[in-house]
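The sequence and structure are shown below.

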Amino acid sequence: MIVQDVINHLEDFAPLNYAEDFDNVGLLVGDKNEKLTGVLVTLDTLEAVVDEAIENNCNLIVSFHPIIFKGLKKLTGKTYVERVVLKAIKHNIAIYAIHTALDNHVEGVNAMICNQLGLVNTSILIPQKSTIKKLITYVPKQEAEALRQALFEAGAGQIGNYSDCSFNIEGTGSFNGNTNSNPSIGKKGEIHFEEETQISVTFAKHLESKILKALFTSHSYEEVAYEITTLENTNQHIGIGMIGEFESEMDETEFLNYIKTKMNTACVRHSELLGKPIKKIAVLGGSGSFAISNAKRAGADAFITADLKYHDFFSAENEIILADIGHFESEQFTKNGLVAHLTKKITNFAIVLSKTDTNPVKYF
């Protein structure tokens with residue numbers, strides 16, 4: 001097994017196509033073709049984490065946060081980022097970051113928070129736009145079934161809980177090949193009319209190259225007529241933040257004590273209490289001030305997130321309780337989820353959960 005094999009498992013689970021544009025995800029350091037010795041999973045990649053990887057004979061670190069976020073102009077060891085990269089290179093250790101690709105996954109960071117809190121009836125808080133595409137193509141009528149099946153096998157035609165979804169129209173196509181053509185049906189230099197089926201299927205955007213490969217491989221025409229468009233339809237399986245409910249409502253003080261205990265945080269900063277029961281909860285791991293309005297529109301009684309600034313708390317406007325539990329605390333279970341996923345997929349290599357505390361914030 002090589003490093004790329006682990007990357008394939010990670011990107012099948014959380015495709016990088018859904019990471020935010022500002023992010024820096026994927027293989028940041030190292031050779032993807034290097035033979036694998038072990039995998040260490042962490043929230044952050046620090047020097048101590050690289051040391052831990054060396055100690056455990058792991059030459060791949062899977063990190064939630066990217067150690068390289070802004071451009072590096074020098075590698076002199078002056079900053080902690082440079083020292084991490086230099087030490088990883090020196091010891092032939094690859095570093096892979098998954099970050100917002102996992103944030104936007106329906107079973108990712110925010111689902112892990114919901115599971116920790118015991119929330120039910122969960123759904124995506126802010127669905128990501130432009131994640132669904134549509135293919136329209138035309139095929140000889142007698143070949144339509146085979147092409148449909150090839151597209152389905154490549155991942156097309158999945159809509160929510162339904163598979164093998166397509167729309168088909170019968171009609172007549174025409175073409176006239178020039179002297180350089182090599183038509184599979186008809187003769188070049190002569191106009192030909194063919195009974196065809198127009199097939200329409202939708203697919204997730206990260207599957208586009210796979211869908212097109214299936215189309216070109218299974219289609220008999222020399223020149224395949226097709227069109228791909230991006231849809232504005234809401235995709236409830238990709239997006240950031242989640243909303244869910246407690247099985248039973250609780251009062252505000254009980255709620256704050258509950259999340260403090262369940263999320264293992266030393267401090268919960270919150271907006272003014274409203275004297276209302278708490279049942280419907282929005283969550284967003286990491287910095288989530290941008291989603292306050294989304295949480296309010298969704299009818300959440302409380303919004304759990306991190307990195308709220310002074311003026312963000314005014315945005316509660318007596319409509320919702322804002323609870324800042326800390327950045328590290330909101331994402332701390334992410335590495336456990338990644339270890340669980342990789343352990344199921346890879347049984348012949350050690351998947352090590354990092355024991356290094358990478359939280360830079362301390363409480364007095």
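This is a predicted model: local features need pLDDT of at least 70, side-chain atom pairs count only at pLDDT 80 or more; totals for chains, interfaces and linings use all residues.

The axes of helix 1 and helix 11 (residues 334-345) approach within 11 Å and cross at roughly 120°. Angles from 65 to 115 degrees count as roughly perpendicular and those over 145 as roughly antiparallel; helix 1 and helix 11 are therefore oblique to each other. The crossing of helix 1 past helix 11 is right-handed. Helix 1 contributes Val6, His9, Leu10 and Phe13 to the contact, and helix 11 contributes Leu338, His341, Leu342 and Lys345. By class, the residues of this contact comprise five nonpolar, two polar and one charged.

Helix 1 (3-13) also takes part in lining the largest pocket, where helix 1, strand 8 (192-204) and helix 7 (208-218) each supply at least two residues. Closest to the centre of the largest pocket are Tyr18, Ala204, His206, Leu207 and Ile238.

In the second largest pocket, the residues nearest the centre are Pro66, Ile67, Ile68, Phe69 and Tyr80. Helix 3 (80-90), helix 4 (99-103), strand 12 (278-287) and helix 10 (327-331) each provide at least two residues of its lining. Strand 12 gives the largest share, four residues.

| Largest pocket | About 1,000 Å³ | 32 residues | 15 nonpolar, 14 polar, three charged |

Technical notes. Residues are numbered from 1 along each chain as its sequence is written. Side-chain values use heavy atoms; hydrogens and water are left out. On a 1 Å grid over the protein atoms alone, a cavity is a set of points where a 1.4 Å probe fits but cannot get out, and a pocket is an open set with protein on both sides within 12 Å along at least five of seven lines; lining residues have an atom within 4 Å of a point. Grid points are joined across faces, edges and corners, and a volume is the space filled by probe spheres set on the points. Ala, Val, Leu, Ile, Met, Phe, Trp, Tyr, Cys and Pro count as nonpolar, Asp, Glu, Lys and Arg as charged, and the others, Gly among them, as polar. Axes are lines fitted to C-alpha atoms, for helices over the stretch in contact, and angles run from 0 to 180 degrees between N-to-C directions. Angles under 35 degrees count as roughly parallel, over 145 as roughly antiparallel, 65 to 115 as roughly perpendicular and the rest as oblique. A crossing is left-handed if the near helix is turned anticlockwise from the far one by less than a right angle, and right-handed if clockwise. Contact means heavy atoms within 4.5 Å.
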